[in-house]
Amino acid sequence: MRGLTISTLAVALALGATLGGGLAQAADTKVVTAARLLDVATGRYLDKPAVLVIGGRIAAVGKAGELAIPQGAESVDLPGATLLPGLIDMHVHLDASPVYGGYNSLQFSDAFWSVTQTANAKATLNAGFTTVRNVGADRFNDVGLREAIDEGIVPGPRVVTATYAIGATGGHCDSTFFPPSMDQKAPYNIDSPDEARKAVRTLKKYGAQVIKICATGGVFSHGDEPGQQQLTLAEMTAVADEAHMAGLKVAAHAHGAAGIKDAIRAGIDTIEHASLVDDEGIKLAVQKGAWFSMDIYNTDYTQAEGAKNGVLEDNLRKDRDIAEVQRENFRKALKGGVKMIYGTDAGVYPHGDNAKQFAVMVRYGATPLQAIQAATVNAAQALGREKDVGQATAGHYADLIAVSGDPLADVTVLEKPVFVMKGGQVVRK
């Protein structure tokens, strides 16, 4: 621990000098203390920690009373609480709401969703999720939200934006609820590898930081089934190659076994849902290093509330058909060694309830630490942002949450954080 204190103090000195004042200058400097800090990489606790924050990043971590603190630093004391790094949800839709299911959303203007997403972002941040990946939004809503959050105009998490999802004509990501006379279609449908490449280039041009594709049918679309593959291997390979050439990662909505396997073969980075994965798909994911993001909580909400919110019975039927299969396949994939990230599909259920999935993951075979790692170190690595988020160590953003109790003994304490800090700014206490 003494070695850790010395090394992190060196980082603090370097950061302080960078900010123009060395360790003695306390501008934008805080020290956060608590009963314990969970090292999410190892599962070990540091008792009576002190976390030094300078300029929005963690400068040093050590023992309270032993770590050198600049004069005048603001003190944030959280007696009895457990500190963790801010949580990461890898699959949200901030401009969506479960309250307006089916055709109920048509009563509102297009701009309604760009406004309501600000409330959803605030609820997500208050729930302790300081980073999210928004995998699909209409009208580039998520880009505008990200810009407003980054400018400090509205509160919210760090948002990694996918903009529009790319899908096949008539597929899950197309507009499938209207007759031909209305000529409704999604703007980024692709039906060839060349169209796939152009879609990736266009979305990146307008703000995509990750690319989202729909490889198979889905639950809340019309006229398809979750197991049906909708993009070819050649089309998915073109997306992955073009995105990776541009430095972007790719997420694939994929419920069906065939679509999952072709997405992995194509080089897709994260497989969303993975509901009907088979043994071959699990082995392929391990071999290729693909991440699974399995939203195994939201059925609890959709089956209880969906009908009263206007969700069509056919969609609820598909939801019922795959729910338990997906959960058992989560157990099987985890046991088989597939790398897991935390993705909930928030927007299908209310934003702010993101942490309810932790308990379901534990119920279906994950240890509390594995569930927490899926939402911290694993998610950060899958994002390619492991130097910035996912851990509470020197150099990372000062994204911190605190809970009452021991999350390794009772993971449900993560559902009610008592403290949230993002980038060194206290959001909730």
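Student: Where does Arg-36 lie?
Tutor: Arg-36 is part of strand β1, residues 29–39. Strands here are DSSP runs of E with at least two residues, helices are runs of H or I with at least four, and both are numbered from the N terminus. Before we go on, this is a predicted model, where local features need pLDDT of at least 70, side-chain atom pairs count only at pLDDT 80 or more, and totals for chains, interfaces and linings use all residues. Residues are numbered from 1 along each chain as its sequence is written, and side-chain values use heavy atoms, with hydrogens and water left out.

Student: OK. What does Arg-36 touch?
Tutor: Not counting residues up to four places away in sequence, its contacts include Tyr-45, Leu-46, Asp-47, Lys-48 and Pro-49. Gly-80, Ala-81, Thr-82, Leu-83 and Gly-405 are also touched by Arg-36. Contact means heavy atoms within 4.5 Å.

Student: And how far apart are Arg-36 and Ala-402 in space?
Tutor: They are 9.5 Å apart, C-alpha to C-alpha, while 366 residues separate them in sequence.

Student: How accessible is Arg-36?
Tutor: Arg-36 counts as partly exposed because its relative accessibility is 23%. The cut-offs are under 20% relative accessible area for buried, over 50% for exposed and in between for partly exposed, using a 1.4 Å probe and protein chains only.

Student: You mentioned Lys-48. Where is Lys-48 found?
Tutor: Lys-48 sits in the loop between β2 (44–47) and β3 (49–54). Its phi is near 50°, which is a positive value in a residue other than glycine.

Student: Is Lys-48 buried or exposed?
Tutor: Lys-48 has 58% relative accessibility, so it counts as exposed.

Student: What about Ala-274, where is that one found?
Tutor: Ala-274 is in the loop between β13 (270–273) and α7 (279–288). Ala-274 also has a positive phi, about 50°, although it is not a glycine. Ala-274 counts as buried because its relative accessibility is 0%.

Student: Let's switch to helices. How do α6 and α7 cross?
Tutor: Helix α6 covers residues 257–266, and its axis comes within 9 Å of the α7 axis, crossing at roughly 15°. Axes are lines fitted to C-alpha atoms, for helices over the stretch in contact, and angles run from 0 to 180 degrees between N-to-C directions. The two helices are therefore roughly parallel to each other. Angles under 35 degrees count as roughly parallel, over 145 as roughly antiparallel, 65 to 115 as roughly perpendicular, and the rest as oblique.

Student: Which residues make that contact?
Tutor: From α6, Lys-261, Ile-264 and Arg-265 take part, and from α7, Glu-280, Gly-281, Leu-284, Ala-285 and Lys-288. By class, the contact of α6 with α7 has three nonpolar, one polar and four charged residues. For those classes, Ala, Val, Leu, Ile, Met, Phe, Trp, Tyr, Cys and Pro count as nonpolar, Asp, Glu, Lys and Arg as charged, and the others, Gly among them, as polar.

Student: How many residues of α6 are buried?
Tutor: Seven of the 10 residues in α6 are buried, which leaves the helix mostly covered. Among them are Gly-259, Ile-260 and Ala-263.

Student: What covers them?
Tutor: The cover includes α5 (233–245), β12 (249–254), β13, α7 and β14 (291–293).

Student: And what follows α6?
Tutor: Gly-267 does, with a positive phi near 95°.

Student: You said α5 there. How do α4 and α5 cross?
Tutor: Helix α4 (residues 193–205) has an axis that comes within 8 Å of the α5 axis, and the two cross at roughly 30°. That makes α4 roughly parallel to α5.

Student: Which residues does Ala-238 contact?
Tutor: Ala-238 is in helix α5. Leaving aside neighbours within four places in sequence, Ala-238 is in contact with Pro-193, Ala-196 and Arg-197. Ala-238 is buried, with a relative accessible area of 3%.

Student: Last one: what does UniProt list for residues 82–427?
Tutor: The unreviewed UniProt entry lists "domain: Amidohydrolase-related" there. UniProt positions are given in the numbering used here, feature names are shortened, and annotations may be inferred rather than shown by experiment. Over residues 82–427 the chain is 36% helix and 16% strand, with the end C-alpha atoms 17 Å apart.
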